[in-house]
Amino acid sequence: MSAPSQLSKDPRNNYFDFGAARQVPETHMWEGLYEHPVVDGGVRAGEDAVPVVDMQDPRAAEAVARASEQWGVFLLEGHGIPSELLARVEAGIAGMFALPTPEKMRAERQDGEPYGYGLPHIASYSSKATWSEGYTLSPASLRAELRRVWPDAGEDYRHFCDVMEEFHRQMRAVADKLTVLFLAALGLAGEQIAAVEAERKIVETMSETVTMHLNWYPKCPDPKRALGMTTHTDSGFFTFVMQSHVPGMQLFRRGPDRWVGVPPGALIVNIGDLFQILTNGRFRSAYHRAVVNRDNARVSVAYHLGPPADVKVAPLREAVGAGKPAYRTVTWREYIVVRKEAFATGGSALEMVSLSPDDHDDEGDGADHISEIPS
Ligand SMILES: C=C1C[C@]23C[C@@]1(O)CC[C@H]2[C@@]12CCC[C@@](C)(C(=O)O1)[C@H]2[C@@H]3C(=O)O
Ligand SMILES: O=C(O)CCC(=O)C(=O)O
Ligand SMILES: [Fe+2]
């Protein structure tokens, strides 16, 4: 059985015990994490303030368009998910990761398998290990999946499944509403969507393919040298990230190069690479990473939405207009392979599927295309 990368780093016991670590070992020590300054992205941060979209605002679609074009990320308010549910999700996840390692390892994700306990794909693309644990789940197979952790299907199991299913139900409803806002932001009205096969397929299938990735970032004795999640863009259409009360997500922005700390509390929406392709580059995906801290362990949940793995994604006719498609057609499955290559070369996966790489301008403001993964 092959172990997830971070778990295999310590040859003495085959997993790394974060709770017992008094310092960051060489295996988990990253260079150059603070090459660029870190600034606060709170509401009063002027041009560094991460955009906020209130779903209840009659002009929400305009705000979605602006934020998706200029940042590729926004904080979502007015979504109606009770904070009490989000607190239960957080407590449930913290409880699951607090289980003894051998119990979690029963659900270890196997090579080539999409779901299970273990670090995300991108963790295996770096030689250094991250200060985190992960669990990837499909809501469709949640109960069967979690029986691997809790074979007795007792009270803890039932409670965790109930909480995560309720979270999924509510997130799915928010995703449907946000999809309508995204389409309105692109100038596509309901009748047009129904009439155009590609758009109809996207709207209908997106919430069937949800993947949840649970992240656990333990307290770290030397947080400036360790990293919770490697710098990346999400690859699907869009992702919701719930990061409760402990901050940790940072966004990379150009002009000047800096990391913007995302304030905790609200639901975060990240535009993914396939959405950038679909909108012919109008909406931009954003590089982000997760840092760790000394005083608090942190939980986050990423709720990834995208097309079925083998559906072809190409720039929408309406987004291309009289211009040219900026990207070739790709499936999500193909794109994940391209992204792995991009990590190996330090390049940009979007650029690798771009039809006119020379047209990209790498200078300028934060919305510009970034052709290398920022360190
Ligand atoms: C649906 C998915 C998006 C994801 C790959 C995956 O198949 C399941 C895990 C997701 C995740 C979570 C952490 C960061 C990320 C880049 C990774 O390696 O695994 C994302 C993937 C993605 O957005 O490409
Ligand atoms: O934990 C975070 O803040 C980031 C998580 C993330 O980017 C992801 O799971 O895709
Ligand atoms: Fe992400």
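Strand E9 (residues 249-253) and strand E10 (residues 258-261) run antiparallel and are joined by four bridges. Two strands are taken to pair if DSSP finds at least two bridges between them. Helices (H or I, at least four residues) and strands (E, at least two) are DSSP runs, numbered from the N terminus. The model is predicted, so local features need pLDDT of at least 70 and side-chain atom pairs count only at pLDDT 80 or more, while totals for chains, interfaces and linings use all residues. Residues are numbered from 1 along each chain as its sequence is written, chains are lettered from A and ligands numbered from 1 in the order in which they are written, and side-chain values use heavy atoms, with hydrogens and water left out.

Within this pairing, Leu251 has Val260 of E10 as its bridge partner. Gln250 is partnered by Gly261 of E10. The hairpin of E9 and E10 has four residues between the strands, and Gly255 there takes a positive phi near 65°. E10 also pairs with strand E1 (residues 38-40), in the parallel sense and over three bridges. Here the bridge partner of Asp40 is Gly261. On its other pairing, E9 meets E12 in the antiparallel sense over three bridges. Met249 stands opposite Ala290 in E12.

Buried means under 20% relative accessible area, exposed over 50%, and partly exposed in between (1.4 Å probe, protein chains only). Five of the five residues of E9 are buried, so this strand is largely enclosed by the rest of the structure.

A residue is near a molecule or strand if one of its heavy atoms lies within 4 Å of it.

Oxygen atoms of ligand 2 lie close to several polar side-chain atoms. A polar side-chain atom of Tyr217 is 2.6 Å from an oxygen atom of the ligand. For Arg298 the corresponding distance is 2.7 Å. For an N or O atom in the side chain of His232 it is 3.2 Å. Taken alone, ligand 2 exposes 300 Å², and the protein buries 98% of that. Accessible areas come from the Shrake-Rupley method with a 1.4 Å probe; for residues, only the protein chains shown count as cover.

His232 also takes part in a metal site. The iron ion (ligand 3) is coordinated by His232 (NE2), Asp234 (OD) and His288 (NE2), at 2.1 to 2.2 Å. Donors are N, O and S atoms within 2.8 Å of the metal (3.2 Å for Na, K and Ca); water is not among the atoms, so sites may look incomplete. Along the chain the donors follow the spacing H-x1-D-x53-H. Distant parts of the chain are linked in this way: His232 in E7 and His288 in E12 are 56 residues apart. His232 counts as buried because its relative accessibility is 7%. His288 counts as buried at 4%.

Ligand 1 is surrounded by 14 residues, of which the closest are Pro120, His121, Ile122, Ser235 and Arg339. An N or O atom in the side chain of Ser235 lies 2.5 Å from an oxygen atom of ligand 1. Backbone N or O atoms also approach ligand oxygens, at 3.1 Å for Ile122 and 3.3 Å for His121. Taken alone, ligand 1 exposes 460 Å², of which the protein buries 91%. E6, E7 and helix H10 (332-345) each supply at least two residues of its shell. The largest share, three residues, comes from H10.

Note on methods. A polar contact is a pair of N or O atoms within 3.5 Å; within protein, one must be able to donate a hydrogen and the other to accept it, and residues adjacent in sequence count only if both atoms are side-chain atoms.
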